Amino acid sequence: MKNTIIETKQLCKSYILGKTGMHVLKNINLEIYEGDFTVIMGSSGGGKSTLLYSISSMDRPTSGSVKILGRDVTTMSEKELSKFRKSEISFVFQSMNLLHDLTALENITYIGYGTDTKENINKKALTLLEQFGLSEEKDKYPSELSGGQQQRVAICRALIGGSKIIYGDEPTGALNSTTGRQVLDCLTSLNEQGQSIVMVTHDLKAAVRATRLLYMADGHIMAERTLGPYRAEEEGERKAVVYDFLKELGW
Ligand SMILES: Nc1ncnc2c1ncn2[C@@H]1O[C@H](COP(=O)(O)OP(=O)(O)O)[C@@H](O)[C@H]1O
Ligand SMILES: [Mg+2]
């Protein structure tokens with residue numbers, strides 16, 4: 001039995017548009033498990049990003065509850081939330097959001113300062129950069145790095161505080177297939193080390209990395225498939241399984 005790290009009950013999110021409401025998340029009951037690489041796919045506009053923001057405490061639902069690591073984030077104050085996010089949650093976006101006047105190393109360490117001594121944070125950042133093949137890039141500025149290198153720096157930055165869950169909204173969406181693969185390899189290797197990951201994507205190459213795949217449309221989780229750990233040598237077979245699953249759902 002895997003531990004549940006995220007649990008939603010009757011999760012709803014609506015936006016008011018003129019006189020009518022637009023229901024983006026419709027009574028979602030979902031559990032996400034520790035150690036999984038959970039991937040959310042689905043139709044465009046189906047509510048994937050909204051769901052990801054709701055289950056990462058970045059956005060408040062309209063109704064229903066969201067528990068992350070056993071804590072109900074829907075009843076927390078802004079102050080509690082910001083503390084909670086800093087220690088438990090990390091986000092990797094489609095655009096890397098690195099600070100342009102800081103080096104790769106500084107982009108990682110400035111997020112970590114305050115969570116440990118400066119010396120430890122520096123050491124940890126250098127270890128992360130090495131793990132992701134970026135040691136030689138440590139003193140370079142974002143403009144001197146490729147898109148894939150920048151995104152790997154963003155992943156190091158997400159890891160520096162020791163977050164229990166990493167969330168990604170289309171983290172390979174802006175990358176070509178080579179640099180995209182490097183980023184996916186990073187995420188896969190983190191997951192192999194036990195890191196829980198929740199990622200939204202529309203990219204089949206990213207979806208095959210999932211240990212558990214969810215399909216979302218029209219504000220609902222329509223279906224799911226358990227895939228088990230990713231193996232590079234099984235990529236072709238996994239792709240076929242994922243493709244069939246998506247085709248059945250009208251993707
Ligand atoms: N802040 C907002 N205000 C109004 N409508 C929004 C807002 N954010 C998202 N939506 C709408 O909610 C729907 C789902 O959006 P989103 O979660 O981004 O879908 P996906 O990520 O699956 O493409 C879309 O129709 C979008 O226009
Ligand atoms: Mg989206």
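Leu213 is found in strand S9, which covers residues 212-217; helices (H or I, at least four residues) and strands (E, at least two) are DSSP runs, numbered from the N terminus. The model is predicted, with local features needing pLDDT of at least 70 and side-chain atom pairs counting only at pLDDT 80 or more, while totals for chains, interfaces and linings use all residues. Residues are numbered from 1 along each chain as its sequence is written, and side-chain values use heavy atoms, with hydrogens and water left out.

Leu213 is buried, with a relative accessible area of 0%, where buried means under 20% relative accessible area, exposed over 50% and partly exposed in between (1.4 Å probe, protein chains only). Thr226 stands 13 residues from Leu213 in sequence, and their C-alpha atoms are 6.3 Å apart in space. Leaving aside neighbours within four places in sequence, Leu213 is in contact with residues including Val39, Met41, Ala207, Leu227 and Phe245, contact meaning heavy atoms within 4.5 Å.

One of these partners, Ala207, is found in helix H7 and is buried, with a relative accessible area of 0%. Apart from its neighbours within four places in sequence, Ala207 is in contact with Val39, Met41, Thr201, Leu213, Leu227 and Val242. By contrast, the C-alpha atoms of Ala207 and Glu31, which are 176 residues apart along the chain, are separated by 19 Å.

Helix H6 has 16 residues, 177-192, and reaches 22 Å from its first C-alpha to its last, close to the 22 Å expected at 1.5 Å a residue; the expected span is 1.5 Å times one less than the number of residues. Its buried residues include Val183, Leu184, Cys186 and Leu187. At the start of H6, a side-chain oxygen of Asn176 comes to within 3.1 Å of the backbone nitrogen of Thr178, and just after H6, Gly194 takes a positive phi of about 105°.

Helix H4 has a further partner in helix H3 (residues 104-112), and the two pack at an angle of about 135°, with their axes 9 Å apart. H3 and H4 are therefore oblique to each other, since angles under 35 degrees count as roughly parallel, over 145 as roughly antiparallel, 65 to 115 as roughly perpendicular and the rest as oblique. Where they meet, Leu105, Ile108, Thr109 and Gly112 in H3 face Ile121, Asn122, Ala125, Leu126 and Leu129 in H4.

Note on methods. Chains lettered and ligands numbered in written order. Polar contact = N/O pair within 3.5 Å; in protein donor to acceptor, adjacent residues only side chain to side chain. Axes fitted to C-alpha atoms, helices over the stretch in contact; angles between N-to-C directions.
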